[in-house]
Amino acid sequence: MKLLDKYIIKKFLAAFFFTVVILVSVICVIDFTEKNDDFIQHNLPMSKILFGYYLYLFPYFANLLSPITIFIAVVFVTAQLAARTEIVAILASGVSFRRLLLPYAVGGAVVGLLIFILIGWVLPIGNKSRVEFERTYVKNPFRFQGRNIHIKIGPRSYVFLESYDNVHNIGSRFALETIDGTVLRRRLTADAISWDSTKQVWRMSPQVVRTFIGPQNERLESFPARDTTLNLFPKDFASTFKLAETMTLPQLNDFIQQKIDRGADDTQLYLSEKYERYSYPFAIVVLTLIGVILSARKSRAGVGGQIALGFVLAFIFIIFVMLSRNLAQVGSLSPLLAAWVPTIVFSGIGLALYRFVPK
């Protein structure tokens, strides 16, 4: 690697990490002022707030704002080089603009790889503590509000519950159905089931079992209250508040497969999270190159104007991400396509800028 590449990469990465620290620190201070009443209400010591919450919130915000921070860092460094006519000197020495993009692409790839490792394996571990802190001290106690719940617990087995009390772990109007294709073979009903945390089993109230032998024949049986095991657990009715953020990539894949096997209707949410983790690093590289193209010339607005432009484009990218995510969650757009649409759109913008913006 040439001296020029090292010089640009060093300045780029230094500006990126500096921007991350400054911007995220300011946001954490604002977050603290908003949640301070909750902290005071629960009489939390400062050590618990800092090391039990903000220690994990800082890298979460750093990853969330990476499109903005990477864009600002690139624009700031490149605009400074342009203002000091260093870029003019580089191009005049025979270095092509395409070759000038190489160290930025390498720096963006390094940041993208770092972010992929963070969001895939590292951040979810810290997010468990952060989300648990928010559930305990910031959010209201969770109450399961679902009604007429249907869950697939096996290849032929389906559970129905009219309602579920997640505080006492009691379900009402329970039914366990065995279905072959579209034919109901057996149906067990009970007024209630409750979770025995000691035995790790469900306690069913007296049951009635109807077994369908043929089109016109059925057998009716009654059973007293008893314990049973099911592929159903209280965690299936627990809060899903930011649940996807607390799972590593392998855990998320397993969880999605479990959702698909059970025929859950919220699978889109987790598929979007999965595909976004893959597309995010590529978006970092794309935004890096766009930042270089936009700021490689001297501007009458100065460095400040170019940084402001960087802010605007980075926020537009985040809006694209949020819009695509919402469309995927309501089923209007494939989660895979929704995750990659912002990157594809901005790649097109980058190519257009490279083609038409004077360099």
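Tutor: Happy to! The expected span of a helix is 1.5 Å multiplied by one less than its number of residues. Helices here are DSSP runs of H or I with at least four residues, strands are runs of E with at least two, and both are numbered from the N terminus. You are looking at a predicted model, in which local features need pLDDT of at least 70 and side-chain atom pairs count only at pLDDT 80 or more, while totals for chains, interfaces and linings use all residues. Residues are numbered from 1 along each chain as its sequence is written, and side-chain values use heavy atoms, with hydrogens and water left out.

Now try the rule on helix H7, residues 267-295. Its 29 residues should span 42 Å at 1.5 Å a residue, and the C-alpha atoms at its ends lie 41 Å apart, which agrees. H7 does bend, by about 35° at Ser-279, and Pro-281 follows within four residues. That bend is the angle between two axes, one fitted to the seven residues ending at a residue and the other to the seven starting there.

Asn-63 counts as buried because its relative accessibility is 15%. The scale is: buried under 20% relative accessible area, exposed over 50%, and partly exposed in between, using a 1.4 Å probe and protein chains only.

S6 runs antiparallel to S4 (residues 183-196), joined by 5 bridges; two strands pair if DSSP finds at least two bridges between them. Within this pairing, Arg-187 has Arg-210 as its bridge partner in S6. S7 (residues 218-223) is antiparallel to S6 too, with 6 bridges between them, and Phe-212 has Glu-218 as its bridge partner in S7. A hairpin of 5 residues leads from S6 to S7.

Arg-187 brings us to the charged pairs. Its side chain meets that of Glu-177 in a salt bridge, 2.8 Å from N to O. The pair links distant parts of the chain, 10 residues apart, with Glu-177 in strand S3 (residues 170-180) and Arg-187 in S4. A salt bridge needs a side-chain nitrogen of Lys or Arg within 4 Å of a carboxyl oxygen of Asp or Glu. Glu-177 counts as buried because its relative accessibility is 18%, while Arg-187, at 28%, is partly exposed.

Glu-221 is partly exposed at 27% relative accessibility, and Arg-219 is partly exposed at 40%.

One more pair is worth a look: Arg-203 and Asp-227 form a salt bridge, with closest N and O atoms 3.2 Å apart. Those two sit 24 residues apart, Arg-203 in strand S5 (residues 201-204) and Asp-227 in strand S8 (residues 226-228). In total, the structure holds 20 salt bridges.
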